[in-house]
Amino acid sequence: MAHLNYEEGKKVVFRGFVLLGIVTLLEVMVALVGKGYIIHGFHLPRFIMYSLMIGMSLYKAYFIIFEFMHMRYEVPGLVRSVLMPTMLLIWAIIAFFYEGNTWYHWRKNVNDRPILELSGGVSNSNNTHHESGSHDGKEMQQETPANLPVDSNAVEKHH
Amino acid sequence: MASDQTLQAHQGHENESVWMGAKEPFKASYGKLMMWYFLLSDAFTFAGFLIAYGTLRFSSPTWPVPDFVFSSLPGGIHHKPLIFVTFMTFVLIVSSVTMVRAVQEGHRYNKKGVVFWMLMTIFGGLCFLGCQAWEWTTLIGGEKMSILKNPFGTHVESGVYLEGDGHDIKPGDSFHAHQTYLIHQHNGEWMPLKYKTEAGEIKQQQFGPKAFGALFFFITGFHGFHVLSGVVFLLIIMINVASGVYVQRRNHYEMVEKIGLYWHFVDLVWVFVFLVFYLL
């Protein structure tokens, strides 16, 4: 379904190549500069760096779908039926990241309780700080998160 | 694509023709429409994987810094963050561009052009797979990362090393919080280093979150599998083009368009894998 003539089409392809290349380079530059690899001691705030990188990736995705995959030339019904379901992902991202954050706090609570290590039965008790979860050898805090509530219930009973 | 003439011709038998396949919903052929919906469902699969990565990363107190983990280059060069994956990204972008050219030549019924640009696309796909194979080899064989063990740990506090690892770390080197390290193996034995925190405690390096290795290998592996199957399909369709199969067909080179959609989707997914694994 060529809605552009051949020469125009070739131009669009070349433009797309340059555009995607430049955006990718910009992303990498933001990452390297933002994390202080290029200019020593210079860091971008995480929020700015992440929004820039996510924004540029979304732009690349838009360009690939609408130009390379010719979505621009499809009828609106097709565009909507393909793109609108992906909006559900916005909710999925919010819900799951919220959940992940909850797990993070659970892990902290679990590591606070030395008695847990009896139920784990693998690590000795030199972990004094809460966040790193420094056990010897086996990584208790890296069990599947689904186990955690069960474990903390077990701890409750021990108390 | 239904032209205006065919639409008018069927106006009289509207009800019958709807069910006889005379009308194309969304003015796209069945094959192309289904390719779009397949890609939509595949997008959800990848989104599920990447959201799982984000969730586990959020839930973990520490996470390996990608600039440290993915910083090797072929030829024994280390500590050059992002260079190799940027190259891989370029390879995939170029192969996407050559695919667009193949589709365009298909619209002109230029068989030679289609075959040439598809061949370039296949070459790009193989090049990408080669890069990924090298990356995996380095991680599995060199750095001993597996889906069960993640030797990339991350400090949560600043301190000073008491031992050296014979690679980059010497005794007395200081480090700061959020810095990622690699625990090396000597003769099959893990050699975590001892260090002294600023508070004066003596501690040992710990393994990183186990999920990191599993997520990395599963997600990039799943993407690599898409690239591999894409290369196989491209190869089959290229041979069909070369042997003139599509010249006979009513929809001509539409097969090239369909595999093109798939190939661009693989590039699209890489945009997000690149973002999530390497940039953030």
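A residue is called buried here if 20 or more other C-beta atoms lie within 10 Å of its own, exposed if 12 or fewer do, and partly exposed in between, with C-beta atoms placed from the backbone. By that count α8(B) is mostly covered, with 23 of its 26 residues buried. The model is a predicted one, in which local features need pLDDT of at least 70 and side-chain atom pairs count only at pLDDT 80 or more, while totals for chains, interfaces and linings use all residues. Residues are numbered from 1 along each chain as its sequence is written, and chains are lettered from A and ligands numbered from 1 in the order in which they are written.

Chain A comes to six helices and zero strands, where helices (H or I, at least four residues) and strands (E, at least two) are DSSP runs numbered from the N terminus. Of the 159 residues in chain A, 20% are buried. Contact means that the C-beta atoms of two residues, placed from the backbone, lie within 7 Å. Among the contacts in chain A with a separation of 6 or more, 46% join residues 24 or more positions apart.

Chain A meets chain B through 52 of its own residues, which are in contact with 46 residues of chain B. On the chain A side, two or more residues each come from α1 (6-34), α2 (46-68), α3 (76-83) and α4 (88-112). The most come from α1(A), which gives twelve. By class, that side of chain A holds 30 nonpolar, 14 polar and eight charged residues. Ala, Val, Leu, Ile, Met, Phe, Trp, Tyr, Cys and Pro count as nonpolar, Asp, Glu, Lys and Arg as charged, and the others, Gly among them, as polar.

Helix α1(A) has 29 residues and reaches 41 Å from its first C-alpha to its last, close to the 42 Å expected at 1.5 Å a residue; the expected span is 1.5 Å times one less than the number of residues. Its buried residues include A:V13, A:L20 and A:V28. The buried residues of α1(A) pack against α2 of chain A, and also against α5 (83-107) and α8 (254-279) of chain B. Just after α1(A), A:G36 takes a positive phi of about 85°.

The axes of α1(A) and α5(B) come within 10 Å and cross at roughly 170°. Axes are lines fitted to C-alpha atoms, for helices over the stretch in contact, and angles run from 0 to 180 degrees between N-to-C directions. The two helices, α1(A) and α5(B), are therefore roughly antiparallel, a term for angles over 145 degrees. Where they meet, α1(A) supplies residues including A:G9, A:G16 and A:G21, and α5(B) supplies residues including B:F90, B:I93 and B:R101. This contact divides into nine nonpolar, seven polar and one charged residue.

Within chain B, α5(B) also packs with helix α6 (residues 111-142), at an angle of about 160° and with the axes 8 Å apart. The pair α5(B) and α6(B) is therefore roughly antiparallel as well. The contact of α5(B) with α6(B) has 15 nonpolar, seven polar and three charged residues.

Back in chain A, A:R72 lies in the loop between α2 and α3. A:R72 is exposed because 10 other C-beta atoms lie within 10 Å. Not counting residues up to four places away in sequence, A:R72 touches A:F66 and A:E67.

Terms used: Parallel < 35°, antiparallel > 145°, perpendicular 65-115°, else oblique.
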